[in-house]
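Me: I would like to learn how to read ligand sites in a model. Please take me through one.

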Amino acid sequence: MSSPIFLIGARGCGKTTVGELLAQALGYDFHDTDHYLQQVSGQTVADIVAAEGWEGFRHRETQALMAVSAPETIVATGGGMVLAEINRRFMQERGSVIWLQASASVLASRLSAYPQSSQRPTLTGRPITEEMTEVLHQREALYQQTAHHIINAMQPPEQVAAQILDALSLARAS
Ligand SMILES: Nc1ncnc2c1ncn2[C@@H]1O[C@H](COP(=O)(O)OP(=O)(O)O)[C@@H](O)[C@H]1O
Ligand SMILES: O=C(O)C1=C[C@@H](OP(=O)(O)O)[C@@H](O)[C@H](O)C1
Ligand SMILES: [Mg+2]
């Protein structure tokens, strides 16, 4: 199977970290839609949001999704990729969609340790645990309805990657 693999889930669930591991394991290309946007525009997420608002960023991330999606590619999406129906449908029809599921408290603790604020400007203006609770409340149904597979992301990254390979029956015989 060579169609793209899309990783979805909230900020901090490990899409970028696990995506790189998966790409290595499979010999696939790796793309992260936020990194792609930064490369082509020379702007961070925070720069884009400051200049164009979240609406401008969301428009650009749809373009990034479509630009990086190709066979034998792992695509780490941004946490809000599922908000637009066009993105949900594109991922579902083009490839395999994996939701990396984690609780608000686990996400908040990872994000407090590694905020990367130029990539993750606040979504709600609230403290991080409250923000992640609210974001999951708004988006969980979208992650669920878009995913072909749901993986517990509250385990070490190598195990998360191995479970994805199992779910897709992509583990290579050694
Ligand atoms: N499975 C995991 N277990 C523990 N820490 C993780 C895990 N996955 C990611 N992290 C850490 O959480 C932070 C956010 O990870 P990242 O891959 O950037 O998430 P995302 O792309 O989903 O926002 C990083 O500091 C990363 O090292
Ligand atoms: O959840 C979100 O709306 C966002 C998540 C971020 O990506 P990560 O999920 O990789 O942190 C980034 O795309 C942007 O800050 C918006
Ligand atoms: Mg990421």
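Me: Which of the 15 residues around ligand 2 come nearest?

Reply: A residue is near a molecule if one of its heavy atoms lies within 4 Å of it. Here Arg11, Lys15, Arg58, Gln119 and Arg120 come nearest to ligand 2, out of 15 residues around it. A word on the source: this is a predicted model, where local features need pLDDT of at least 70, side-chain atom pairs count only at pLDDT 80 or more, and totals for chains, interfaces and linings use all residues. Residues are numbered from 1 along each chain as its sequence is written, chains are lettered from A and ligands numbered from 1 in the order in which they are written, and side-chain values use heavy atoms, with hydrogens and water left out.

Me: What lies 2.7 Å from an oxygen atom of ligand 2?

Reply: A polar contact is a pair of N or O atoms within 3.5 Å. A backbone N or O atom of Gln119 is at that distance of 2.7 Å from a ligand 2 oxygen. Side chains take part as well. An N or O atom of the Arg11 side chain is 2.8 Å from an oxygen atom of ligand 2. For the Asp34 side chain, the distance is 2.9 Å.

Me: How much of ligand 2 does the protein bury?

Reply: Accessible areas come from the Shrake-Rupley method with a 1.4 Å probe. Ligand 2 exposes 390 Å² taken alone, and the protein buries 98% of that.

Me: Which helix gives the largest share of the shell around ligand 2?

Reply: Helices are DSSP runs (H or I, at least four residues), numbered from the N terminus. Helix 3, residues 45-68, supplies four residues of this shell, the largest share.

Me: How does the shell around ligand 2 divide by class?

Reply: Ala, Val, Leu, Ile, Met, Phe, Trp, Tyr, Cys and Pro count as nonpolar, Asp, Glu, Lys and Arg as charged, and the others, Gly among them, as polar. The ligand 2 shell has five nonpolar, four polar and six charged residues.

Me: Now ligand 1. Which residues come nearest to ligand 1?

Reply: Gly12, Lys15, Thr17, Tyr114 and Gln155, of 15 around ligand 1. Helix 1 (residues 15-26) gives the most to this shell, with three residues. By class, the ligand 1 shell holds six nonpolar, five polar and four charged residues.

Me: Which polar side-chain atoms lie 2.9 Å from an oxygen atom of ligand 1?

Reply: One belongs to Thr16. Another belongs to Arg120. Ligand 1 alone exposes 560 Å², of which the protein buries 79%.

Technical notes
A polar contact is a pair of N or O atoms within 3.5 Å; within protein, one must be able to donate a hydrogen and the other to accept it, and residues adjacent in sequence count only if both atoms are side-chain atoms. Helices (H or I, at least four residues) and strands (E, at least two) are DSSP runs, numbered from the N terminus.
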